Amino acid sequence: MTISLYYFDIRGFGEYIRLLLIDQGVTFEDHRFERHSEEWEKLKKTMVFGQVPCLKDGNEEFVQTGAIMRYLARKYDLYGSSSTEAAFIDMVFECVRDLRAKYVRYIYYSDETKENYDTVTLPETLANLSKLLNNSSQFVSGDKISFADYILFEELDVANTTAPGSLDKFENLKQLHANMSARPNLKKYLSSRTAKINAIDRQ
Amino acid sequence: MSLKLTYFDIRGLAEPIRLLLVDKQVAFEDHRVSREAWAELKPKMIFGQIPCLYSGDEEIVQSGAILRHLARIHGLNGNTEAETTFIDMFYEGIRDLHSKYAHVIYTCYEEGKQPFIENILPVELAKIEKLLHTFKNGEHFVAGDHESYADYVLFEELDIILILHPTALDKFPTLKRFHERFAERPNIKAYLNKRAALNTPVNGNGKQ
């Protein structure tokens with residue numbers, strides 16, 4: 001059954017999904033298009049919320065990043081091994097999403113400032129996450145990778161780019177970032193990745 | 001297992017969680033903190049945020065995590081993979097609408113309310129109504145025959161939208177009927193009556 005991902009030719013929200021699929025060795029069609037393109041104009045009309053990312057798996061079609069990631073998590077066993085782990089993974093995923101939402105407010109809407117983001121929002125969230133994660137485990141939930149690892153890795157990677165040095169104080173987050181970057185499929189993908197983080201020339 | 005939900009004395013992000021627990025007759029302590037007590041509590045919270053659900057030894061924050069946790073435990077997460085993903089999708093769609101709503105409430109109520117009612121609301125409600133038709137024509141629950149956690153979120157969202165704009169659902173009969181039906185569920189109805197008497201604020205800044 002063919003899996004296809006439809007998203008803009010940027011990292012954005014689609015990147016979490018791409019990282020998960022690539023790392024899990026899932027073959028998929030990575031459909032990318034420009035924001036101002038006929039392809040998107042046409043596709044937009046067929047999307048339930050007029051939004052992408054959209055994942056097509058055989059005859060099924062899913063939208064909403066939070067729903068797509070969880071669908072794939074159930075399919076590829078990335079949702080922990082107990083209901084306690086699942087709740088923890090959901091919690092980390094949602095926290096990282098909140099961080100991204102603030103980043104998006106700064107990038108696209110200007111009601112968060114770069115200064116506040118870099119000096120308050122980002123370090124506070126990183127400190128909370130660092131405290132929450134176990135120092136000795138490899139991933140968000142112990143030694144088993146979960147869908148939250150992909151979103152956390154991507155956000156740490158963005159933080160590394162937009163605010164260099166922001167991870168320095170957080171040894172376990174730095175380690176998680178390093179662990180993820182070294183996974184063979186991701187390493188290969190990252191070495192040739194050229195897509196921009198955002199749709200506008202700002203990061 | 002003892003269950004405690006900690007949040008402000010407003011509806012806000014906790015109300016769908018309260019509605020779920022009330023409707024499913026799950027006993028819980030509805031712990032509401034004052035703004036003064038919050039200053040003391042905030043540094044102790046995992047992300048400095050509430051709502052927080054204390055379930056035995058577990059401490060769960062983030063409404064999207066709390067709702068899904070309760071959904072898994074109380075059979076409100078769909079019966080098939082297709083249902084589960086649909087429920088998640090539906091929930092995320094309502095959340096998008098809620099963040100637009102919250103943006104108006106908390107940052108630009110005076111000048112933003114009317115444009116929100118005229119331009120954003122009809123478009124967003126049309127999408128949600130269309131999606132609600134997916135299972136059983138939207139005549140029962142979000143996922144068809146069975147309740148799911150998305151029902152509580154949808155109900156609360158429609159309820160606060162009606163407070164903002166009482167005729168908002170007039171052009172959306174399926175959403176309107178869903179709201180009316182849900183409000184008649186016995187446990188929900190009793191809770192809503194109690195809440196009306198207490199006059200619990202919808203949001204943290206008195207705007208609604």
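Helices (H or I, at least four residues) and strands (E, at least two) are DSSP runs, numbered from the N terminus. On that basis, residues 1-78 of chain B are 35% helix and 24% strand, with end C-alpha atoms 24 Å apart. The model is predicted: local features need pLDDT of at least 70, side-chain atom pairs count only at pLDDT 80 or more, and totals for chains, interfaces and linings use all residues. Residues are numbered from 1 along each chain as its sequence is written, chains are lettered from A and ligands numbered from 1 in the order in which they are written, and side-chain values use heavy atoms, with hydrogens and water left out.

**Annotated domains**

- UniProt, in an unreviewed entry, assigns "domain: GST N-terminal" to residues 1-78 of chain B; positions follow the numbering used here, feature names are shortened, and annotations may be inferred rather than shown by experiment.
- For chain A, an unreviewed UniProt entry places "domain: GST C-terminal" at residues 82-203.
- That span of chain A is 66% helix and 0% strand, and its end C-alpha atoms lie 37 Å apart.

**Sheet of chain A**

- Chain A holds an open sheet of 4 strands in the order E2-E1-E3-E4, with mixed pairing; two strands pair if DSSP finds at least two bridges between them.
- Strands E2 (29-33) and E4 (60-63) of chain A each have a single partner strand and stand at the edges, so one side of each lacks a neighbour in the sheet.
- Neighbouring strands of this sheet are turned by 20° against each other on average, direction ignored (axes are lines fitted to C-alpha atoms, and angles run from 0 to 180 degrees between N-to-C directions).
- Strand E3 (residues 54-57) of chain A pairs with E4(A) in the antiparallel sense over 4 bridges.
- Within E4(A), A:Val63 is the bridge partner of A:Cys54.

**Cysteines**

- A:Cys54 has 0% relative accessibility and therefore counts as buried (under 20% relative accessible area; exposed is over 50%, partly exposed in between, with a 1.4 Å probe and protein chains only).
- A:Cys95, at 4% relative accessibility, also counts as buried.
- The sulfur of A:Cys95 has its closest cysteine sulfur in B:Cys52, 13 Å away, which is too far for a bond.
- Over all chains, a search of the whole structure finds 0 disulfides, a disulfide being a pair of cysteine sulfur atoms within 2.5 Å.

**Interface between chains A and B**

- The contact (heavy atoms within 4.5 Å) takes 29 residues from chain A and 27 residues from chain B.
- About 2,500 Å² is buried between the two chains, of which carbon and sulfur atoms give 56%; buried area is the accessible area (1.4 Å probe) that two parts lose on being put together, summed over both.
- B:Phe47, B:Arg72 and B:Met89 supply 22% of the area that chain B buries against chain A, more than any other three residues.
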